[in-house]
Amino acid sequence: MARVGLTPERLARAGAELADEVGFDQVTVSALARRFGVKAASLYAHVRSSQDLRTRIALLALEELADRAADALAGRAGKDALTALANVYRDYAREHPGRYAAAQLRLDPETAAASAGVRHAQMTRALLRGYALTEPDQTHAVRLLGSVFHGYVSLELAGGFSHSAPDSQQSWTRVLDALDALLRNWPAPTTP
């Protein structure tokens, strides 16, 4: 094993690269072993299973996304922060489609609580404080933003917006304008 210098971290990075090339759903220990020219059994000293490998890739992707988001959000507030955060997700998904898919992997509660996913939520909540949202509306808004960002990016990556005018960049800008307006004018709760 020393001849190829494998570690869990190196395998996660190589798995992330493989995910970007062939799709996250195609990443397995066997596929990664072929990439390194070793037998799959030799990788089990570093990862327990394909699911463990996929979890490691997800954690790596969440960390990379959180680092990018933190850099983009520094010193920004309001619509400027909203746009910066949204663009981080969209740009990352375009550059690293397999890693972006990995970041959506459902993690067990303990792993999720120790992941960079917590930083994502904290940054989104910090952004929303600029819109004066309090609980439970802040949680509703976190879910709304995540849904819109992920939904738009997923449809765009699948080619869903490439068949008609205007181009998807124009729509993206208008979507962010609409989100900003909604957040500034968050509706009061209705009573049943």
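**Figure 1. The length of helix H9 in the predicted model.** At 1.5 Å a residue, the 21 residues of H9 should span 30 Å, and the end C-alpha atoms of H9 are 30 Å apart, which agrees. The expected span is 1.5 Å times one less than the number of residues in the helix. Helices (DSSP runs of H or I, at least four residues) and strands (DSSP runs of E, at least two residues) are numbered from the N terminus. This is a predicted model, in which local features need pLDDT of at least 70 and side-chain atom pairs count only at pLDDT 80 or more, while totals for chains, interfaces and linings use all residues. Residues are numbered from 1 along each chain as its sequence is written, and side-chain values use heavy atoms, with hydrogens and water left out.

**Figure 2. The buried residues of H9 and their cover.** Which residues of H9 are buried? They are Asp137, Gln138, Thr139, Ala141, Leu145, Phe149, Tyr152, Val153 and Glu156. Here buried means under 20% relative accessible area, exposed means over 50%, and partly exposed lies in between (1.4 Å probe, protein chains only). The cover over these buried residues includes helix H5 (78–95), helix H6 (97–102), H8 and H10. A contact means heavy atoms within 4.5 Å.

**Figure 3. The loop between H8 and H9.** Pro136 is placed in the loop between helix H8 (117–129) and helix H9 (137–157). The peptide bond joining Glu135 and Pro136 is cis, with omega about 0°. Ala132 lies in this loop between H8 and H9 as well. Although Ala132 is not a glycine, its phi is positive, about 60°. Ala132 is exposed, with a relative accessible area of 67%.

**Figure 4. From H9 towards H10.** Gly159 follows H9 and has a positive phi, near 85°. Pro166 is found in the loop between H9 and helix H10 (168–184). A cis peptide bond, with omega near 0°, runs from Ala165 to Pro166.

**Figure 5. The setting of these views in the protein chain.** The protein chain has 10 helices and zero strands. Its C-alpha trace spans about 60 × 40 × 40 Å along the principal axes. Of the 192 residues in the protein chain, 42% are buried. Among contacts between residues at least 6 apart in sequence, 68% join residues at least 24 apart.
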